[in-house]
Structure formats: structure tokens, C-alpha cells
Amino acid sequence: MALGDSSAAAYIHMVQHLIERCLLFGMSMEECIDTLSKHANIGPVITSTVWKELEKENKDFFKAYGRWRETRH
């Protein structure tokens, strides 16, 4: 593994952690993208890509999360 690969992996892990924080606040993907862009200077494409990968890996969680968000709003 090249040095660039490990720093990219660390960056993706950091973005994942920030997305998880957004989930704790009940944010939608769009709200999370906007928040991370404004406050963490993370490009929307990066946040969107990591979010979609998390959705693929955790389908049941995101289905339940979507239902929970619908009952809150």
C-alpha cells in the first residue's frame, strides 16, 4: 500500500465519522453535505460518495433511519 493510499483511507474514515455525527443530529444526506461543506471544507461529491457507500453497507440501518426521520418531521 502506498503512502497516498493510507492518507486517503484516513481521510475517508474522517468523513465517515463526520457523517455519523450528522446522523446523530438527524440530518438528511443533503443537510449533511451542506454542513460538511460549510464547516469542514469537505467537497459535496466526497460526502455524497461516502454516504452512498455507507448506505450500501448498512441498508437496514438507513431504512430505519429514513423511517425515523419521517416521524420526526
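Is Lys56 buried or exposed? Lys56 is exposed, with a relative accessible area of 53%, where exposed means over 50% relative accessible area, buried under 20% and partly exposed in between (1.4 Å probe, protein chains only). The model is predicted, so that local features need a pLDDT of at least 70 and side-chain atom pairs count only at pLDDT 80 or more, while totals for chains, interfaces and linings use all residues. Residues are numbered from 1 along each chain as its sequence is written, and side-chain values use heavy atoms, with hydrogens and water left out.

The protein chain averages a pLDDT of 93, and 93% of the residues score at least 70; pLDDT is the predictor's confidence in each residue, from 0 to 100. Mean confidence is lowest in H1, at 91, and highest in H2, at 98. Helices are DSSP runs of H or I with at least four residues, numbered from the N terminus.

The largest nonpolar core has 15 residues, and those with the most contacts inside it are Ile19, Leu23, Cys32, Leu36 and Trp51. Such a core is a set of buried Ala, Val, Leu, Ile, Met, Phe, Trp, Tyr and Cys residues joined through side-chain atoms within 4.5 Å. At least two residues of this core come from each of helix H1 (3-24), helix H2 (29-40), helix H3 (44-57) and helix H4 (59-72). When neighbours within four places in sequence are left aside, Ile19 is in contact (heavy atoms within 4.5 Å) with Cys32, Leu36, Thr47, Val50, Trp51 and Leu54. In H3, the buried residues include Thr47, Val50, Trp51 and Leu54. H3 has 14 residues and reaches 20 Å from its first C-alpha to its last, close to the 20 Å expected at 1.5 Å a residue, the expected span being 1.5 Å times one less than the number of residues.

The structure also holds 5 aromatic pairs, in which the rings of Phe, Tyr and Trp (its six-membered ring) have centres within 6.5 Å, with planes under 30 degrees apart counted as stacked, over 60 as edge-to-face and the rest as tilted. The rings of Phe61 and Phe62 have their centres 5.1 Å apart and their planes at 90°, so this pair is edge-to-face. Phe61 is partly exposed, at a relative accessible area of 43%, whereas Phe62 is buried, at 11%. Phe62 also forms an edge-to-face pair with Tyr65, at 6.4 Å centre to centre and 75° between the planes; both residues lie in helix H4, 3 residues apart, about one turn of the helix. Ring pairs link Trp51, Phe61, Phe62, Tyr65 and Trp68 into a cluster.

Charged side chains form 3 salt bridges, each defined by a side-chain nitrogen of Lys or Arg within 4 Å of a carboxyl oxygen of Asp or Glu. The side chains of Glu31 and Arg69 meet in one of these (3.6 Å, N to O); Glu31 lies in helix H2 and Arg69 in helix H4, so the pair ties together parts that are 38 residues apart in sequence. Arg69 is buried, with a relative accessible area of 16%, while Glu31 is partly exposed, at 35%. Asp34 forms a salt bridge with Lys38, the closest N and O atoms being 3.3 Å apart, and both residues lie in helix H2, 4 residues apart, about one turn of the helix. In helix H3, where Glu53 and Lys56 are 3 residues apart, their side chains meet in a salt bridge (3.0 Å, N to O).
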